[in-house]
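Open the model in your viewer and keep the sequence panel beside it. The tour goes from one selection to the next and says what is found at each stop.

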Amino acid sequence: MADSPQVRAAEFIWLTARVLEQRRFAHHFVPGAADADGVEKALEAYRNADGGFGHALDPDLRGPGSQPLHTAHALRVLDSLGRCTGRRAEDVCRYLTAVSNQDGALPAVHPSLRGYPAAPWLPVPADPPSALLTTAPVVGLLHRNDIWHAWLFRATDFCWHAVETLRGSRPYEAEAAVAFLDHVPDRRRAEAAADRLGRLVRAERLVLLDPARADAEPAAEGHAPGEHHHPHDFARRPASLARRWFSDAEMARSLDFLAANQRADGGWPVAWRRWSPGAELEARPLATLEALLTLRAYERI
């Protein structure tokens, strides 16, 4: 047991993680320590009066202001606790309504970030376009939790149109589309769209099917050298529609790679470009939690 992934990850988490990630780790992986109230109290420190979340909840966006990416992150945390409901969801939807574009969808980065540090691949335009990257995961999680709000109708229509008309994509955008398709109520339509998206992901080589060939495969445009998406990045849980995109052998290789990628200090690395020591320090516990949750979902730990 001393060499188990959880034990090694625990040392890393207690040594490096923020309070929120420490409480999340304990909730999910420490027997008898599940404390949804404690996780939610830690998350509350990132919430703003407008109903959104800020304060670098997503480590790549610094500064206090609410951002769609932060709010999507907060919803994932609340969903993992079974608390993406009631007043919490209403407050989030109030924020989403206020920052949406005219088509009802969310920008990747809201202009309120201007003046604060951010990852260089997240520019802050004056008039940011709507983005599937941010809108799809939020819409998917709200549907998963049976939330119905006026904001959802147009945002759902935006996601359907964006997903069904994709002629090309990037790995993180395709991953976001999966988060929408896994939970949107029209399951027959979602399965058809997911099948098409999976064929696009494979045809455009947005996924690395053989980790042993990582050095020979170029990273997607705009990504850091060696920054690849693997099958487990799209199908984080066995029930995901994206699981159908990959054979059992492809999925097994992906999970083997994920398990082996745990570092000597007990944590998992971040795959994307390092731009700030502080951001990387905060991001690694997040990557570690996600790795553990994925491995557990596939009964690898």
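A residue counts as buried if its relative accessible area is under 20%. The model on screen is predicted.

**Stop 1: W245 and F246.** Select W245. Its relative accessible area is 10%, so W245 is buried. W245 and F246 make an edge-to-face aromatic pair, with 6.0 Å from centre to centre and 65° between the planes.

**Stop 2: W160 and F180.** The structure holds 6 aromatic pairs. For another of them, select W160 and F180: the ring centres are 5.1 Å apart and the planes stand at 80°, so this pair is edge-to-face. Colour the helices to see how the pair links distant parts of the chain. W160 belongs to helix α7 (residues 150-164), while F180 belongs to helix α8 (residues 171-181), and the two are 20 residues apart. Both W160 and F180 are buried.

Which part of W160 does R189 lie over? R189 lies over the face of W160, 4.1 Å from the ring centre.

Stop 3: Select W14, F25 and F29, which together form one aromatic cluster. Then show R296 as well. The charged end of R296 sits over the ring of F29, at 4.5 Å from its centre.

**Stop 4: E217.** Move to the loop between α9 (187-203) and α10 (231-234), where E217 is found. Is E217 buried or exposed? The relative accessible area of E217 is 17%, so E217 is buried. Show R205 too: a polar contact of 2.7 Å joins its side chain to that of E217.

**Stop 5: the cavity.** Rolling a probe the size of a water molecule over the atoms shows where empty space is left. How many cavities of 30 Å³ or more does a search of the whole structure find? The search finds 1. The largest cavity holds about 40 Å³ of space.

Notes:
Residues numbered from 1 in each chain as written. Predicted model: local features only at pLDDT ≥ 70, side-chain atom pairs only at ≥ 80, totals over all residues. Heavy atoms only, no water. Phe/Tyr/Trp six-rings, centres within 6.5 Å; stacked < 30°, edge-to-face > 60°. Helix = DSSP H or I, 4+ residues; strand = E, 2+ residues; numbered from the N terminus. Buried < 20%, exposed > 50% of the residue type's maximum accessible area, 1.4 Å probe, protein only. Lys NZ or Arg CZ within 6 Å of the ring centre and 35° of its normal. 1 Å grid on protein atoms, 1.4 Å probe; cavity = no way out; pocket = protein on both sides within 12 Å on 5 of 7 lines; lining within 4 Å. Points joined across faces, edges and corners; volume = space filled by probe spheres on them. Polar contact = N/O pair within 3.5 Å; in protein donor to acceptor, adjacent residues only side chain to side chain.
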